[in-house]
Amino acid sequence: MRIQHWQDVASLVVGAWLVVSPFVLGMAGAAVWLTIALGLGVILFAVEAFVIPSYLEEWGEMLLGLALMVAPWTVGYEPGAATVSSVLSGLLVILFAVWELMTDRDFSTWWHDRWHHGAG
């Protein structure tokens, strides 16, 4: 197990926050379980990046980040701090995933070869 990108560690921290945040923020009902499930998903993708490094987990993290940003309005998060936490966490997860993709040499080479090969 090797850490190749600091963004994976940062995503792991955000995922851990999501798992404990329902209890810290006083959330109730479905919001608790949804936030914990999404947090565990973020943690699993981050750990997967340590074990089997590839760019595919970043796409999964982006989907989870999007789900975190939409969740407060689909489930109805209370209190307001829970909504802020979910949206900011989602933005951070997406930001870290995109940042990693933009700076990962293997992905950049693949992307360039795949999409810019026939251009010109």
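Me: What percentage of the 120 residues in the protein chain is buried?
Reply: This is a predicted model, where local features need pLDDT of at least 70, side-chain atom pairs count only at pLDDT 80 or more, and totals for chains, interfaces and linings use all residues. Residues are numbered from 1 along each chain as its sequence is written, and side-chain values use heavy atoms, without hydrogens and water. Buried means under 20% relative accessible area, with a 1.4 Å probe and protein chains only. The buried share of the 120 residues is 39%.

Me: Which element of the protein chain has the lowest mean pLDDT?
Reply: pLDDT is the predictor's confidence in each residue, from 0 to 100. The chain averages 86. Helix α1 has the highest mean among the elements, 95. The lowest, 53, belongs to residues 105–115, helix α5.

Me: How many helices and strands does the protein chain have?
Reply: Both are DSSP runs, numbered from the N terminus: helices are H or I with at least four residues, strands E with at least two. The order from the N terminus is α-α-α-α-α. The count is 5 helices and 0 strands.

Me: Is α1 roughly parallel or antiparallel to α4?
Reply: The axes of α1 (residues 6–25) and α4 (residues 80–103) come within 9 Å and cross at roughly 170°. Axes are lines fitted to C-alpha atoms, for helices over the stretch in contact, and angles run from 0 to 180 degrees between N-to-C directions. Angles over 145 degrees count as roughly antiparallel, under 35 as roughly parallel. Therefore α1 is, relative to α4, roughly antiparallel.

Note on methods
Parallel < 35°, antiparallel > 145°, perpendicular 65-115°, else oblique. Buried < 20%, exposed > 50% of the residue type's maximum accessible area, 1.4 Å probe, protein only.
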